[in-house]
Amino acid sequence: MRLSLLLAAILPLTAAEFTAHTVATGLRGGYQVVVADLNHDGKPDLIALASGMPELVWYENPTWERHVIAGGLSRMINCAVVGDEIVLASEFSNQAKDSPGVVSVLRPNGDPRQPWTVTEIDRLPTSHRLRVAKIDGGKPIVVNAALTGPKAEAPDYRGQTPLVYYRAGEWKRQTISEQNSGLVHGIWIIDWDGDGRDDILTAGFEGIHLFHAPDWKRTEIAKGDPAPWPKSGSSDVAVGKLGRERFLAAIEPWHGNQLAIYRQRGGSWQRNVIDDKLVDGHTIVTGDFNGDGNDEVVAGYRGAGRSVYIYSLEGEKWTRSTLDDGGMGAAACAVADISGDKKIDVVCIGSATANLKWYENR
């Protein structure tokens, strides 16, 4: 395993390229940010989910006025927007016995700025990652990836881990698979083969796997970190493009220190660790920020240092730049055009830093 990122290649990002804007502070246990136009004014708003707070809130673009979606919530972990509704997972814990995994649908009552109605639709222990996908003629589903099986215990978290979905409007649990074994931390939705249906990548102790719609055949893509279980596999995965070539970026192992890039060579995905200095790595996304046809990788970590980096491919070497130096303990980031200037911006929410920022692409 070769560490290709050299210290000489670690360059700061200038303020002229990205400008940081603080949207909110005091978000105790900040865990997920979701970009969605909640008031249908053509501007992307920001949902801020903080596990240590009792309220799910959103911030209205461009004034960033705060609105409460719902209160009286406990241990929120993820949400997903489908149409005019929000699906929320709460009552979360890493330990399945302490994690009922409540799944609810939140609906606005006319004005999205006023409190929404909360309706419980399911309980799946350790419900953890919620994402929207389209598998039936463009009709949306919400994928729910549990963190572990219902009887799993630390530190090995042995057992089969469920991957399920709900059809929008029906809200009845449908099983995708229970083939994944051990802890599964990350998922990525992508139309892998261009057939018009979204597929699912999962990242966990067993590595990175593809579940292909509609039969949900499971295919191993990569084993991830080769260390023994439970230090094995992957934690989070994202997909990017270098021209027409697809690549995968992964944080490894669970809450790990490594950023690995996978590129397909000779029919297999070759692993290249380009950084091993993350501390409690927790979020990874991709986007073409400079319009050169190649995606960059954004990775953030929650531990000591609390920073967010951007990685760019220059020739055959990945270089690292700093997006936020110590001011963002990133639990999650997203990419979207926040300002409406046709450039892709970055949004991150911090856990230890308890804040929400967007980084304007200049």
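The mean pLDDT of the chain, pLDDT being the predictor's confidence in each residue from 0 to 100, is 94, and 96% of the residues reach 70 or more. This is a predicted model, in which local features need pLDDT of at least 70, side-chain atom pairs count only at pLDDT 80 or more, and totals for chains, interfaces and linings use all residues. Residues are numbered from 1 along each chain as its sequence is written, and side-chain values use heavy atoms, with hydrogens and water left out.

**Confidence**

- The pLDDT is below 50 over residues 1-16.
- Beyond near neighbours in sequence, this stretch has 34 contacts in the model, a contact being heavy atoms within 4.5 Å.
- Where pLDDT is low, the predicted coordinates should not be read in detail.

**Nonpolar cores**

- A nonpolar core is a set of buried Ala, Val, Leu, Ile, Met, Phe, Trp, Tyr and Cys residues joined through side-chain atoms within 4.5 Å; buried means under 20% relative accessible area, exposed over 50%, and partly exposed in between (1.4 Å probe, protein chains only).
- The largest such core has 38 residues, and those with the most contacts inside it are I47, L56, I69, V87, L88 and L106.
- Strand β8 (residues 85-90) supplies the largest share of this core, 4 residues; strands (E, at least two residues) and helices (H or I, at least four) are DSSP runs numbered from the N terminus.
- Apart from neighbours within four places in sequence, L56 touches residues including I47, I69, L88 and L106, as well as H67 and M76.
- A second, separate core of 19 residues includes L46, A50, M53 and Y59.

**Cysteines**

- The structure holds 1 disulfide, a disulfide being a pair of cysteine sulfur atoms within 2.5 Å.
- This disulfide joins C333 to C348, with an S to S distance of 2.1 Å.
- The link of C333 and C348 is right-handed, with 105° about the S-S bond.
- C333 lies in strand β27 (residues 330-336) and C348 in strand β28 (residues 345-350), so the pair ties together parts that are 15 residues apart in sequence.
- C333 is buried at a relative accessible area of 9%, and C348 is buried at 0%.
- C79 is in no disulfide, and the nearest cysteine sulfur, that of C333, is 15 Å away.
- C79 is also buried, with a relative accessible area of 2%.

**A buried loop residue**

- T148 lies in the loop between β12 (139-146) and β13 (163-167).
- The relative accessible area of T148 is 0%, so this residue counts as buried.
- Leaving aside neighbours within four places in sequence, T148 is in contact with N94, A96, P125, T126, Y157, T161, P162 and L183.
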